[in-house]
Structure formats: structure tokens, C-alpha cells
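Let's take a walk through this one, starting with a strand and then moving on to the charged pairs.

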Amino acid sequence: MRGLPLLAAGLGLTGLLGGAIPVSTAIPTTPDTPATPAAARPAAAPPPLAWHPCPPERKDLAAAGAECASLPVPLDHADPGGRTIRIALSRVRAKDPAHRRGVLLSNPGGPGGTGLATTLELRKTLKGVADRYDLIGFDPRFLGDSTPLHCAPAGPAGPPRPVTSPRADFEDGLRRSRSTAERCARPTGNTALLPYASTRDVARDMDAIRAALGEPELSYYGVSYGADLGAVYTQLFPRRVDRLVIDSSSDPGATQYELFRRSGEPLERGLDEWAAGTAQHADTYRLGRTGPEVRATVERLLDGAERRPVPVGRARLGAPLLRLILRQFVQHQENDPVLARTVRTLVDAAAGRPVEPGPELAGLLAFLETPEARDGLNGGALFMCGDGGWPAGGWPADPEAYWRNIVRGRAAQPVFGPLVNDMTAPCAFWKTRPREPGTRIANDVPVLMLQARRDGNVPYDGALALHRRLTGSRLVTADIRSHGVYGRGAEGRTAVPCADRIVNAYLDGGQLPAADVTCPVPAPLR
């Protein structure tokens, strides 16, 4: 549920198998007062939804007995009588209608993640609580089946670069970012839609969904970017919240680029934690007998790849892609053995030895070649370049600013600094400007927050900052290296039973904890 948005959404992946990785200044944030802007008023009730069986190709929805519908919403919520777009919905009715609580929506993160089946995936952890809700899935505007905004296809990737350099990799990334911006503006009509791809507009669509369902309030679970989306909803529609749970959120006082940069330090700490554990299995992985020796092996691998990309099968993996792979695996502590095996494979490949990538690395490389990866790239760019600030926007307009930060960041963050300081979103070349500022969070809506203390994607300090802005919130902390706390057991990772119980009790109609909670954590699965 969390992995693919993290890997693909907003990241310049196209062409990375041949070499490198791949932007507007934030509009100043202003306080949001829900009663004043027309676009933040509760949505008027639209005509009844026409529910029908979901398409047969959506086997996950069909197997769950879900119904599907399409909801017209204003392209511009400040102009409710103007042009409309359509939001794709799914619904599984409450199985316990006598004790039905309402509707539960969710968002899987990204930005760029689709969500028609996301709420259904929560059932494994919700257990009986799911029976009290109509489970509502939706694809955010311009994604999936919600008036999808298609960018023109990219041309064929050039041949792999046999010799490279950090600057050459950076220049490759700039070319890809410029191409993405040009391709997303090229299809007729796209530039009229791009300014309406924003987190605030998605929150308004959520309220339109609530109104269309005839509900006075909605309940919600969001993870990663979905958590920040939930916080935006509380600011725009504070009186429409029933139970709202946000998992792995970020600092609302920062831009998205600042948030990426801040992730470098916890990612480096996570790598050191992995290296220390891997050194205890030196005879198995042969990467070093101490943590510093294992880290040095990784740094040598990257140093070499910055001159000659590593050949794995038909692909050549440059240092930017290797850093992305390291980040993808290091974010969850249960991945430590997979990361050790992957680094061993890459070290052997860099030395010219024949290798067979393990299933995890092979699957990751295969995913990067899929339409889903390209769609995740484009979908993430829409919102990163459509937001005027937090949560998804705020990218430097000067391409050289990214290079300067890469150079400065190498000394303290030699593994992840070049990744987190790079031009992740193509907003410097985007053809439209954000219509609105970022969202300033300051309210007392009751919210249940969850955060992993050693999250390398959204640092813990950021969750504390949001917690202070949401004065009615309670924070549940788990001292784990993870991106996401709730429902980890359903994803094959070590569950945090204390957190799962607190969330389920709250969604079942209980009260927020009287105070913040730190959950005991079982030993991780290996």
C-alpha cells in the first residue's frame, strides 16, 4: 500500500535504467479560515449517485462485492456552475447496518497514488470495525479513472551511458524533468486542467463525496501524503470530520523540497543501523565485519557507479538509481536482509562477476519499466507542481539550486544527500503556476496521529510539528524504522498491536487516548 507511491510518485524514473534521476517557488502560506473562501464551504448535495457493478477487470473490487460510481465535481470549486470533472468511486456497504457508523474514506499516499481499492485493503487490520462503515474508495482527480490527465508519451530511452559523472547524471535528470513538463502540457486541453491539480482541490472533492453520500461527516485514514491530505481536510472542513486517522505525516511549515532534504539525515542513520546489523552476518554477506566497513562498501559502490554504471542484466544502473533502490529497501527494518543481498549482488556486478538479481531487485527493476511507474511519475508531478506550498509544492525555480545543494550535502550525507537534494519534481519547467498558496494548519479538530520514530521518509520532528498545529490531536509513536505504523502485519511486516488496537477502538466510536502514547514494539520479522 505504501511502497509504490513512495517509489514512483513524483520521481523522475523514466530512463534511469540507462543512467541517472531526475519546480516553482512556494506561494506564501496564509491562514485558512474555512468559513470565508467559497471553495472551502461544505459541498452542496449533488444528484444521487448511480451505483453499478465495478468493471470486471477490477477483480479486487469485484471479489469484495464492491459497487462503483462516478461523481461529477466542479473543476474549480469556486465556480460550482462551471466545468465539471468526474471522480471514480467504489463502495462496500456496511455489513452491520444496525450499528453502522458512517463512511470511511482513505488515501494511500504519493502524491500520485490511486485509491479505488485502498479502503478495502484496510479490512484485514480493521477486522470487525470495517463492518460498521461503508468503505469508500476513490481515485483523486486526474488519476486512475477520475478524469485521468494523460501526458504525451516519452520517446524511447537512449542507449545506456557506459561512462558518466555526477554532473552528467544531473544533466540527464534535468533533461528528463524538462521533457516531463513539456509532455504533460502537450495534449490539447491539459494546460486548462493542470492548475486544478492540487491537494486543496482533492480535499474539496472529498467533501463533495461526503455530500453525495448524504453524510453529515466523514471518517478517514491516510498514510504518508495521504496523512497530509487528511490534515488539509481538517483545515478546510473542520465541522465535517467524524473520525480522522493520519499515519506518517510531515511538517506543515516546510515545502515539499525542504521535506525531501530533511529526510537525508534519518536515511543515513537508517543505513548505519542496517550496516551494524549486516556486519553481524559478515560470513553470509561479505560486506564488512563492522558497521563502518559495511557503509564503506556501499559508498565505494556508489563512487564507482558515478563513473561507470553497474551492469545488471540488460540494464546499467547509475548511482542515482542505486540510491533510490537503497532508499526503497532501507525504509523498513524488515527489509534489512533483502538490502544486504541486493548490495552483495550489486558489488559483484560492479566487479564484473556474473550475477542473478534476487526476486526483490528483479521485481523493482521490472516495475520501473511499467506503465504504472510512468503514471506514478506523471501523477506525482501534477500535484507537486500544482500545490503552491505544503504539502506537495514549493520547489526551487532555479535548476542550479539543486546542484548546489547536492554538492554541499555530500560531506554529511554521502549516500542519500545527492538523492534528497536532487530535482525530484519537474516544477522548474512546469507550464502553469499554482492557483493557491499552501495550506496553513491551525485547528483543534480531534485527530489520531501515528508516527514511526525512525521514519526515514518523513522525519519524526515533522510529525511533532503537525501535532502542535493540530491542538486536538493525540500522537501514537512506535520506535521502529518504518514508513507507516498502522496495518503493518497485513503487509507482511511486524505488526504494532498497540497502535492497531488504538486506531480500531477510535474508529469503532471510542474516544481519543487521554494523552500521547508510545507503543511497545515486538522484535522485527526476519
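Two strands count as paired if DSSP finds at least two bridges between them. Keep in mind that what you're looking at is a predicted model.

Start with S6, the strand at residues 133-138, where 6 of 6 residues are buried. Now look at who S6 pairs with. Strand S4 (residues 84-92) runs antiparallel to S6, with 4 bridges, while S5 (residues 102-107) pairs with S6 in the parallel sense over 3 bridges.

On to the charges: the salt bridge count comes to 37. Take Glu215 and Arg100, whose closest N and O atoms sit 2.7 Å apart. Glu215 is in the loop between H7 and S7, and Arg100 is in the loop between S4 and S5, so this pair ties together parts 115 residues apart in sequence. Is Glu215 buried or exposed? It counts as buried, at 14% relative accessibility, whereas Arg100 is partly exposed at 34%.

Another pair links two helices. Arg295 and Asp272 form a salt bridge with their closest N and O atoms 2.6 Å apart. Since Arg295 belongs to H12 and Asp272 to H10, the contact ties together parts 23 residues apart in sequence. Here Arg295 is buried at 13%, and Asp272 is partly exposed at 38%. Elsewhere, shared partners join Asp76, Arg200, Asp201, Arg204, Arg435 and Glu436 into one salt-bridge network.

Definitions and conventions. Residues are numbered from 1 along each chain as its sequence is written. This is a predicted model: local features need pLDDT of at least 70, side-chain atom pairs count only at pLDDT 80 or more; totals for chains, interfaces and linings use all residues. Side-chain values use heavy atoms; hydrogens and water are left out. Buried means under 20% relative accessible area, exposed over 50%, partly exposed in between (1.4 Å probe, protein chains only). A salt bridge is a side-chain nitrogen of Lys or Arg within 4 Å of a carboxyl oxygen of Asp or Glu.
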